[in-house]
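Biologist: Could you walk me through how to read salt bridges and helix packing in a model like this one?

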Amino acid sequence: MELTVFGATGGIGQEIVRQALAEGHGVTAVVRDPARLPVTGAGLRVVTTALTDPEPLRAAVAGRDAVLSGLGPRRRKDAGIATKVTRPVLRAMEAEGVRRFVAVSAAPLGPVPEGETLFGRITTPLVSALLRPVYDDLREMEDEMRRSATDWTAVRPPKLNDKPLTGVYRTALGANLRGGHSIGRADVAHAMLAAIGDTATVKQALGVAY
């Protein structure tokens, strides 16, 4: 496939680019600072832009099979970045007739699963309250996706870590996973790439966790 990746310099974004290249896909990585992207490969094209300029965004997504986004706020002061950038990306996709969009979101946007452990019932509301601006941003980002004409999927991981790729994790459509408290960034990227061709995930939130 020909893919475009936004947020390609982040932990999940780098993994999307690395794994997609390893699978033989062509990848256009859209970045603000190319020096922060250590991934290389014969199928890689790097586009440098402010991420909100309409014309470069349209050129970056035109003719692609899918667009993936690892964008998201890393801390409270980054709140707003996910919606700010995702909105023009979606408009660019609509203008170019590109349909498939897969973006990373977060598990706290979903309900606490039935039968959740005591740890999960305590920590999920606590984390949601402490990082409310971050999750409000992601919630608005998902709303933008729902309002768009794209075939979107919002992948919702819990706490992220840097464990190596396993390809072994659980998923749930429209729900979080009981006892699913963490997952590696590499496996989130794996799940996002797998979702591209999975029609069951279209216009759905996808919970993912170990």
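**Salt bridges and a helix pair**

Modeller: Glutamate 142 and arginine 146 lie four residues apart in helix H5 (residues 132–147), so about one helical turn separates them. Helices here are DSSP runs of H or I with at least four residues, and strands are E runs of at least two, numbered from the N terminus. This is a predicted model: local features need pLDDT of at least 70, side-chain atom pairs count only at pLDDT 80 or more, and totals for chains, interfaces and linings use all residues. Residues are numbered from 1 along each chain as its sequence is written, and side-chain values use heavy atoms, leaving out hydrogens and water.

Biologist: What do the side chains of glutamate 142 and arginine 146 form?

Modeller: Side chains of opposite charge can pair when their charged atoms come close. Here the two meet in a salt bridge (3.0 Å, N to O); the term needs a Lys or Arg side-chain nitrogen within 4 Å of a carboxyl oxygen of Asp or Glu.

Biologist: Is glutamate 142 buried or exposed?

Modeller: Glutamate 142 is buried, at 1% relative accessible area, while arginine 146 is partly exposed at 40%. Buried means under 20%, exposed over 50%, and partly exposed in between (1.4 Å probe, protein chains only).

Biologist: How many salt bridges does the structure hold?

Modeller: It holds 15. Another one joins lysine 203 and aspartate 151 (4.0 Å, N to O). That pair links distant parts of the chain, 52 residues apart, with aspartate 151 in strand E6 (residues 151–156).
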